[in-house]
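Colleague: I have some questions about the labels used for this model. Take me through them briefly.

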Amino acid sequence: MSKVVYITGGTKGIGFGIAEVLLKNGHKVAISGRKQQDVDKAVSELKTISESVFGVSSDVRNFEDEENAISKIVERFGRVDVVIANAGLGIFKPVDELSIEDWNAMQETNLTGAFYTLKASVEELKKSEGYYITIASLAGTNFFENGAGYNASKFGVVGFTQAAMIDLRKYNIKVSTIMPGSVATYFNGNVPSEKDEWKIQPEDMGNLVLDMLNMNPRVLPSKIEFRASQVKK
C-alpha cells in the first residue's frame with residue numbers, strides 16, 4: 001500500500017536519496033528544506049521519477065514552520081503515514097573552541113528539530129497508526145575528538161527517539177532511529193566523488209527505510225546501527 005512520507009532535510013544527501021527510493025517504489029513523498037529555491041530544485045528533479053512529490057519550505061528549528069508543513073502535506077495528500085526527521089548539521093571543533101552559536105545551531109537543528117517535527121506530526125501519526133523515524137548517527141553511540149557538540153546532539157536524538165518509541169507504542173505508532181556511519185553526502189562541506197565509493201550511499205539509506213516500511217507490523221527495529229561493510233580505502 002502506498003504511504004505518504006514526510007522527510008525533513010530532503011533537498012539533498014540522505015533525505016533526497018530516501019525520497020528517490022520511496023518514489024520509485026510507489027510511495028507519495030513530501031520533502032522540506034530551509035530554502036524555497038533548494039526545495040523547488042529538488043522537487044523538479046524528483047518529478048522525473050514520479051509526480052507524487054510535494055515540497056515545502058520549513059526550518060525545523062521553528063515549530064510553527066513544522067506545523068505549517070504538516071498542514072500543507074495533509075491538504076495535498078490527505079494524511080501523513082511516515083515522518084522521517086533527517087535534517088541535521090555538524091560543526092567539528094575542540095570543545096574549548098566551540099562557540100555558543102555553534103553549540104546552539106547543532107542542538108536546535110539536530111535534537112530540538114527532531115522533537116518539533118514529531119510534536120507537529122504526532123496527531124496525524126495517531127490517526128494513521130504511522131511510523132516516526134529519526135536519522136541519528138553512529139556519533140550517537142561513539143564519541144570522538146572535536147565531536148563534543150555533535151556527539152551531544154546525536155546521543156540526544158538516540159535517547160529521545162527510544163523514549164518516544166515507548167510513549168507512542170500504545171497508539172500503534174512505530175518509532176525507530178537509524179544510526180549511519182560514513183555516508184557519501186554533502187555533509188560538513190564534502191562533495192561526493194569516487195573517493196566516497198566505499199561509504200554508505202544515499203540510496204542505501206533509502207533501501208533500508210523501504211525495508212523497514214515493508215516489515216511485518218508486528219516487528220519493530222527500534223535502533224539500527226548502519227555501517228559501511230569495508231574500511232576506508
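Modeller: Start with H1 and H6, whose crossing is right-handed. The model is predicted: local features need pLDDT of at least 70, side-chain atom pairs count only at pLDDT 80 or more, and totals for chains, interfaces and linings use all residues. Residues are numbered from 1 along each chain as its sequence is written, and side-chain values use heavy atoms, without hydrogens or water.

Colleague: Why are H1 and H6 called oblique to each other?

Modeller: Helix H1 (residues 13-24) and helix H6 (residues 202-214) pack at about 55°, with axes 7 Å apart. Under 35 degrees is roughly parallel, over 145 roughly antiparallel, 65 to 115 roughly perpendicular, and the rest oblique. H1 and H6 are therefore oblique.

Colleague: How do you know that Asp102 is buried?

Modeller: Its relative accessible area is 11%. Buried means under 20%, exposed over 50%, partly exposed in between (1.4 Å probe, protein chains only). So Asp102 counts as buried. Asp102 is found in helix H4 (residues 100-128). Not counting residues up to four places away in sequence, Asp102 touches Ile91 and Lys93; contact means heavy atoms within 4.5 Å.

Colleague: What makes S6 and S7 a pair?

Modeller: Pairing takes at least two DSSP bridges. Four bridges join strand S6 (residues 174-180) to S7, and the strands run parallel. Ile178 stands opposite Ile224 in S7.

Colleague: Which side chains of S7 are buried?

Modeller: Along S7 (residues 223-226) the side chains alternate. Ile224 and Phe226 point to one face and are buried.

Conventions
Axes fitted to C-alpha atoms, helices over the stretch in contact; angles between N-to-C directions. Helix = DSSP H or I, 4+ residues; strand = E, 2+ residues; numbered from the N terminus. Left-handed = near helix turned anticlockwise from the far one by under 90°.
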